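Hello,

Here is the structure I said I would pass on. Please open it alongside this note; what I found follows below.

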Amino acid sequence: ELRPQLIDRFGLHVEVKTEQDLESRIAVVERREEFDREPEAFRERFASEQEDLGSALKNARGKLAKTEITPAVLKNIAQLCASLNVEGHRGELTIMRAARALAALEGHRRVDDDDVKRVAAMSLRHRLRHNVFEDAAADQRILETLERTAESGSGANNDVKRKAQPQSRDDKGTIDQSRRNK
């Protein structure tokens, strides 16, 4: 186990879970087998998707500096971290940077509360004062605190209309096709 001051140096903590759906598990094994048999053919099969993702990331990097974070959103981020008794300011910095990157990736000009919500758990779960690697309730605690903060706070710039996105990710960074119209 790492000391808290070392854990704090990690920006994001992404939780990876084993697939439970039978068909998805089979697909994982089949893809791995396909890669092992013919790695070049496998790479070629996904080359277009990889190029699209690379282009999207390059485009987002170009927009990152122009993606705004309003004082109201920053206040909500700071209030969330204060409410959770997060030590130092890396929590706020990580949420701010990750939310800005997410907004830029999705082509938005301004970070809003939804961006913050989507990155908060992965930015904070390892910064809470307990063994979060064993505590499945950490994400829920972060989200509940975020909701209370938003209700009592300013309701930062949720008036910004957003276009439908091809993919969105849930609070843990997993692609969730049911949330496409954020």
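**Confidence first**

Residues 155-182 keep a pLDDT under 50, and the model has 68 contacts beyond four places in sequence for them. Where pLDDT is low, the predicted coordinates should not be read in detail. This is a predicted model throughout. The protein averages a pLDDT of 82, and 79% of the residues score at least 70. Among the elements, helix H2 (residues 22-37) has the highest mean pLDDT, at 97. H1 has the lowest, at 77.

**Overall fold**

The protein has 8 helices and 0 strands. Along the sequence the pattern reads α-α-α-α-α-α-α-α. Of the 182 residues, 33% are buried. The accessible surface comes to about 12,200 Å². Carbon and sulfur atoms account for 51% of that surface. Take the contacts between residues at least 6 apart in sequence: 66% of them join residues at least 24 apart.

**The core**

The largest nonpolar core has 22 residues. Six of them touch the most other members: Leu-80, Leu-84, Ile-95, Val-111, Val-116 and Leu-124. H6 supplies the largest share, 6 residues.

Setting aside residues up to four places away in sequence, Leu-80 touches Ile-95, Ala-120, Leu-124, Ile-142, Thr-145, Leu-146 and Thr-149.

**The loop between H4 and H5**

Two residues here deserve a look. Thr-67 lies in the loop between H4 and H5. Is Thr-67 buried or exposed? Thr-67 counts as buried because its relative accessible area is 3%, and the cut-off for buried is under 20%. Beyond its neighbours within four places in sequence, Thr-67 is in contact with Arg-100, Ala-103, Ala-104, His-108, Arg-109, Arg-110 and Val-111. Thr-67 and Gly-107 are 40 residues apart in sequence, yet their C-alpha atoms are 9.0 Å apart in space.

Glu-68 is the other one. The side chains of Glu-68 and Arg-110 meet in a salt bridge, at 3.7 Å from N to O. Arg-110 is in the loop between H6 and H7, and Glu-68 is in the loop between helix H4 (47-64) and H5, so the pair ties together parts that are 42 residues apart in sequence. Both partners are partly exposed: Arg-110 has a relative accessibility of 29%, and Glu-68 has 41%.

**Other salt bridges**

How many salt bridges does the structure hold? There are 9. Side chains of opposite charge can pair when their charged atoms come close.

Two of the pairs sit within single helices:

- Glu-33 and Arg-37 meet at 3.6 Å, N to O. Both lie in helix H2, 4 residues apart, about one turn of the helix. Glu-33 is partly exposed at 41% relative accessibility. Arg-37 is exposed at 56%.
- Arg-43 and Glu-40 have their closest N and O atoms 2.9 Å apart. Both lie in helix H3 (residues 39-45), 3 residues apart, again about one turn of the helix. Arg-43 is partly exposed, with a relative accessible area of 45%.

There is also a network: salt bridges link Glu-106, Asp-114 and Arg-118.

Check Asn-85. Its phi is positive, about 55°, although Asn-85 is not a glycine. Most residues other than glycine have a negative phi, and most peptide bonds are trans. Where is Asn-85 found? Asn-85 is in the loop between H5 and H6. Asn-85 counts as exposed because its relative accessible area is 56%, and the cut-off for exposed is over 50%.

**A nonpolar patch on the surface**

Leu-2, Leu-6 and Phe-10 form a nonpolar patch on the surface. Together they have about 270 Å² of accessible area. Leu-6 lies in helix H1 (residues 4-7). Leu-6 is partly exposed, with a relative accessible area of 38%. Bear in mind that H1 is the element with the lowest mean pLDDT, 77.

Best wishes

Terms used
Residues are numbered from 1 along each chain as its sequence is written. This is a predicted model: local features need pLDDT of at least 70, side-chain atom pairs count only at pLDDT 80 or more; totals for chains, interfaces and linings use all residues. Side-chain values use heavy atoms; hydrogens and water are left out. Patches are made of residues with over 30% relative accessible area and no salt bridge: like charges are joined within 9 Å, nonpolar side chains (Val, Leu, Ile, Met, Phe, Trp, Tyr) within 5 Å. Accessible areas come from the Shrake-Rupley method with a 1.4 Å probe; for residues, only the protein chains shown count as cover. A salt bridge is a side-chain nitrogen of Lys or Arg within 4 Å of a carboxyl oxygen of Asp or Glu. Buried means under 20% relative accessible area, exposed over 50%, partly exposed in between (1.4 Å probe, protein chains only). A nonpolar core is a set of buried Ala, Val, Leu, Ile, Met, Phe, Trp, Tyr and Cys residues joined through side-chain atoms within 4.5 Å. Contact means heavy atoms within 4.5 Å. pLDDT is the predictor's confidence in each residue, from 0 to 100.
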